[in-house]
Amino acid sequence: MDYLRGLAAFGIMTYHYSSWSFGEQEASSFLGRVGIYGVAIFYVLSGLTLSYIYRTKLQLTSTSLYIFYKKRLFRIFPLLWVATILSILLSKRLPNPVDLFLNLTGLFGLIKWDIYFATGAWSIGNELVFYLTFPLLIFLLLNHKPGLFLVALIAITAYIYFAFHAINLNIPLSKQWHTYTNPLNQFLFFGGGVILGSIRKPGSVTTTQSLLLGAIGLIIFLLVPVYGNAVTLVTGMTRVFFTVSCLLLCYSFYRTAHAPAIFDKPLALLGQASYSLYLLHPIVYSIVKAGFSFISKKGGNYPAAYAFSMAVIVSLITSYLSYQYFERFFIRLSHNHPNVDAADQVRK
């Protein structure tokens, strides 16, 4: 799952850099689809991973909840604060104090989910909302199936409402961003991941099953005929097809397996650094772009591909360093132990 998480983060970075360097990516393009559903894959993987790790550990007791939320807070907030502050500094504008407070506390995910400073941080706000619901989901999953069915029904109803009613196919997605980024519109992905994580253990998914599920998911992702603005990707039956695709792809990676050595190390590192890559790549791009613009003013000309390539390289290096020397420090603090266990090397 680390592999897929890393690939999703890399895909979102590439989508952003391509859009900013060469123009908006159409819904028919691979990158255009990754730009929308890469985040959905994060949600599914988050729910799947947490369900697998905590379904037999997490209880509705003060001690258990304290440990769970302590780990989540130390995993999410330090880098979110850094990305938020750097984004504000680069914007050279004074933030609204209330909006800044909501972002630094994570409450924006509950109250003003489309008001954020770091590019992409809206999804972090969504995740924080999902974390609030997770202990209840696990309790219902283990102890009260009718209650879980009711929550699932609410999630599906909200999903249908947004896909078939709330988001207008004739209006660009950018003008409906508040509606699209509503946590209720994204909850089905996280909840679906929680359910998938409770169905089987990773070892019970055979290689053949994984390849078949992954192939079906990828075919759907690539071949669903969608064109035009990104809003066409998140409305109607198209939304359903891509949701199924994301669930299948995530479940196909639900294995304790390793790629050949030549791929394993890079993909594992990419997965471990995926949170840093996701939050820091827009900041890196702004700095690299400013550097090339300065060169241009001094009389030098450069193709857009130069800034694109440099930003990719610097983003990968920065993300690796951020994970190794910043994220891991706070992960250790959350454990009060010098070693980082495998459970918290994942993004959430």
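**Exercise 1. Decide whether Tyr 254, with a relative accessible area of 1%, is buried or exposed.**

Step 1. Look at the ground rules: this is a predicted model, in which local features need pLDDT of at least 70 and side-chain atom pairs count only at pLDDT 80 or more, while totals for chains, interfaces and linings use all residues. Residues are numbered from 1 along each chain as its sequence is written, and side-chain values use heavy atoms, with hydrogens and water left out.

Step 2. Recall the cut-offs: buried means under 20% relative accessible area, exposed means over 50%, and partly exposed lies in between (1.4 Å probe, protein chains only).

Step 3. With its value of 1%, Tyr 254 is therefore buried.

**Exercise 2. Find out how the rings of Tyr 52 and Tyr 254 are arranged.**

Step 1. A pair of aromatic rings is described by the distance of the centres and the angle of the planes. Rings of Phe, Tyr and Trp (its six-membered ring) pair if their centres lie within 6.5 Å; planes under 30 degrees apart count as stacked, over 60 as edge-to-face and the rest as tilted.

Step 2. The whole structure holds 28 aromatic pairs. For Tyr 52 and Tyr 254 the centres are 6.1 Å apart and the planes stand at 85°, so this pair is edge-to-face.

Step 3. Helices here are DSSP runs of H or I with at least four residues, numbered from the N terminus.

**Exercise 3. Which class of pair do Phe 77 and Trp 81 form?**

Step 1. Their ring centres are 5.7 Å apart and their planes are at 50°, so the pair is tilted.

Step 2. Both residues belong to helix α3 and are four residues apart, which means about one helical turn separates them.

Step 3. Phe 77 is buried at 7% relative accessible area, whereas Trp 81 is partly exposed at 39%.

Step 4. To extend the picture, ring pairs also join a cluster of Tyr 43, Tyr 54, Phe 68, Tyr 69, Phe 130, Phe 134, Phe 187 and Phe 190.

**Exercise 4. Which residues line the largest cavity?**

Step 1. Rolling a probe the size of a water molecule over the atoms shows where empty space is left. On a 1 Å grid over the protein atoms alone, a cavity is a set of points where a 1.4 Å probe fits but cannot get out, and a pocket is an open set with protein on both sides within 12 Å along at least five of seven lines; lining residues have an atom within 4 Å of a point. Points are joined across faces, edges and corners, and the volume is the space filled by probe spheres set on them.

Step 2. The search finds one cavity of 30 Å³ or more, and the largest cavity has a volume of about 40 Å³.

Step 3. Its lining consists of Phe 74, Arg 75, Pro 78, Leu 79, Phe 326, Glu 327, Phe 330 and Ile 331. Two or more of these residues come from each of α3 (62-91) and α14 (304-335).

Step 4. Sorted by class, the lining has six nonpolar, no polar and two charged residues. In this sorting, Ala, Val, Leu, Ile, Met, Phe, Trp, Tyr, Cys and Pro are nonpolar, Asp, Glu, Lys and Arg are charged, and the others, Gly among them, are polar.

**Exercise 5. Describe the second largest pocket, whose volume is about 500 Å³.**

Step 1. Of its 22 lining residues, Tyr 15, His 16, Gly 35, Ile 36 and Trp 177 are the closest to the centre.

Step 2. The elements giving two or more residues to this lining are α1 (2-22), α2 and α8 (177-180), and α1 gives the most, with five.

Step 3. The pocket lining divides into 13 nonpolar, eight polar and one charged residue.

**Exercise 6. What does Leu 196 touch beyond its neighbours within four places in sequence?**

Step 1. Leu 196 lies in helix α9 (residues 183-199) and counts as buried at 14% relative accessibility.

Step 2. With contact meaning heavy atoms within 4.5 Å, the partners are Val 44, Leu 48, Leu 247, Tyr 251 and Tyr 254.
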